[in-house]
Amino acid sequence: KVMHIPYEDIILFETAPTPHKVILHTTNRRIEFYGHIGQILLGLDSRFYQCHKSYIINRDQITMVDKKNREIFLNGDNMCVASVRAIKGLYD
């Protein structure tokens, strides 16, 4: 099944507990599909940022960043952690 989702509706991509699967969080749904984070990042523009090896976030969806605890809060009550290097790169 092929789905077209506008970039502005995408909140984040995360690796799923099931091997070789990715979870896409949008403003109104959650979609799980087969894929790899690295492959997904290649097809995205500069609005998206890999903040951790398991997460790709939409910069436009960020509501708050806790640099001390390396937590990124996004729209829709979503939260993800960031690596030490990536939290610094978020502000570049």
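The model is predicted, so local features need pLDDT of at least 70 and side-chain atom pairs count only at pLDDT 80 or more, while totals for chains, interfaces and linings use all residues. Residues are numbered from 1 along each chain as its sequence is written, and side-chain values use heavy atoms, with hydrogens and water left out.

The lining of the largest pocket comprises 13 residues, lining residues being those with an atom within 4 Å of a point; Met3, Ile5, Phe13, Leu24 and Phe33 lie nearest the pocket centre. Two or more lining residues come from each of β1 (10–15) and β3 (30–34), strands being DSSP runs of E with at least two residues, numbered from the N terminus. By class, eleven lining residues are nonpolar, one is polar and one is charged, with Ala, Val, Leu, Ile, Met, Phe, Trp, Tyr, Cys and Pro counted as nonpolar, Asp, Glu, Lys and Arg as charged, and the others, Gly among them, as polar.

An open sheet of three strands runs in the order β6-β7-β8 with antiparallel pairing, two strands being paired if DSSP finds at least two bridges between them. Because β6 (62–66) and β8 (78–81) stand at the edges with a single partner strand each, one side of each is left without a neighbour in the sheet. The two pairings are set out below.

| Pairing | Bridges | Reference |
|---|---|---|
| β6 and β7 | four bridges | antiparallel |
| β7 (residues 71–74) and β8 | four bridges | antiparallel |

Met64 has Phe73 in β7 as its bridge partner, and Leu74 has Asn78 in β8. The β6 and β7 strands form a hairpin with four residues between them, and Arg70 in the turn has a positive phi of about 55°.

The structure holds zero disulfides, a disulfide being a pair of cysteine sulfur atoms within 2.5 Å. The sulfur of Cys80 is 3.7 Å from the closest cysteine sulfur, that of Cys51, which is too far for a bond. Cys51 counts as buried because its relative accessibility is 1%, and Cys80 is buried as well, with a relative accessible area of 1%; buried means under 20% relative accessible area, exposed over 50% and partly exposed in between, with a 1.4 Å probe and protein chains only.

Definitions and conventions
1 Å grid on protein atoms, 1.4 Å probe; cavity = no way out; pocket = protein on both sides within 12 Å on 5 of 7 lines; lining within 4 Å.
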